[in-house]
Amino acid sequence: MASVLVKIKSRFDNKELKKILKEFPSVKMRVGWAKTQKEHNGMRTAEVAYLNEVGHNIVHNGAVVGHVVARPLLGLTCEENAQYWAQNWRILFRKYLAGDYDSLATIAQKFCQIVIQDIRRMVEEEQPFAPNAPSTQKRKKALGHSFDIPLLDYGTMIDTLTQEIHIAR
């Protein structure tokens with residue numbers, strides 16, 4: 001899975017609480033794209049997401065014919081939301097400790113959905129990315145798209161975000 005891994009560390013001064021938390025299972029959450037998910041053109045969605053993240057050259061018959069600028073969707077989303085996510089994790093964890101949620105898996109799923117919503121929002125609403133090249137704008141118009149949003153052609157990338165949750169002692 002091409003994914004984003006966010007480490008959220010909490011610091012507690014209370015030694016008793018630290019001891020209790022050491023006995024809790026470890027929760028690992030990943031949000032990204034399954035390796036098997038494919039785009040409309042057959043490319044793996046995870047590969048497309050990576051190429052968009054770092055930018056890449058367009059090669060045809062061994063010659064570089066263009067360049068796609070980096071549009072770091074995951075990097076910018078993490079940068080913008082790290083504190084918000086940490087705050088949400090603390091709130092969800094406190095509610096779990098208070099008995100409002102029945103399992104760590106439940107709060108992990110809720111947290112992953114927050115991350116997925118923030119990634120989608122970055123594409124659909126915020127758009128801090130370089131505009132599409134004129135050739136891309138022309139292609140989208142020819143396809144009948146009424147929008148010119150970078151990172152959004154067919155919607156596969158944002159519609160297929162998935163989560164993996166692993167809980168271990």
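A residue is called buried here when its relative accessible area is under 20%, exposed when over 50%, and partly exposed in between (1.4 Å probe, protein chains only). Helices (H or I, at least four residues) and strands (E, at least two) are DSSP runs, numbered from the N terminus. The model is predicted: local features need pLDDT of at least 70, side-chain atom pairs count only at pLDDT 80 or more, and totals for chains, interfaces and linings use all residues. Residues are numbered from 1 along each chain as its sequence is written, and side-chain values use heavy atoms, with hydrogens and water left out.

**Helix H2**

Helix H2 covers residues 45-54, and its buried residues are Thr-45, Ala-46, Val-48, Ala-49 and Asn-52. Seen down the axis of H2, these buried residues fall within an arc of 160 degrees (taken from the directions from the helix axis to the C-beta atoms), so they line one face of the helix. An α-helix has 3.6 residues a turn, so residues three or four places apart point the same way.

**Salt bridges**

A salt bridge is a side-chain nitrogen of Lys or Arg within 4 Å of a carboxyl oxygen of Asp or Glu. The whole structure holds 4 of them, including those in the table.

| Pair | N to O distance |
|---|---|
| Arg-121 and Glu-80 | 3.4 Å |
| Asp-153 and Arg-139 | 3.0 Å |
| Asp-153 and Lys-140 | 3.2 Å |

The salt bridge between Arg-121 and Glu-80 links distant parts of the chain: Arg-121 lies in helix H4 (residues 104-126) and Glu-80 in helix H3 (residues 73-97), 41 residues apart. Arg-121 is buried, at 18% relative accessible area, while Glu-80 is partly exposed, at 41%. Both residues belong to a network of salt bridges that links Glu-80, Asp-118 and Arg-121.

Asp-153 forms a salt bridge with Arg-139. Asp-153 sits in the loop between helix H5 (134-142) and helix H6 (156-159), and Arg-139 is in helix H5, 14 residues apart, so this pair too links distant parts of the chain. Asp-153 counts as partly exposed, with 23% relative accessibility, and Arg-139 is partly exposed as well, with a relative accessible area of 36%.

Asp-153 also meets Lys-140 in a salt bridge. Here the loop between H5 and H6 is linked to Lys-140 in helix H5, the two residues being 13 residues apart. Lys-140 is buried, with a relative accessible area of 1%.
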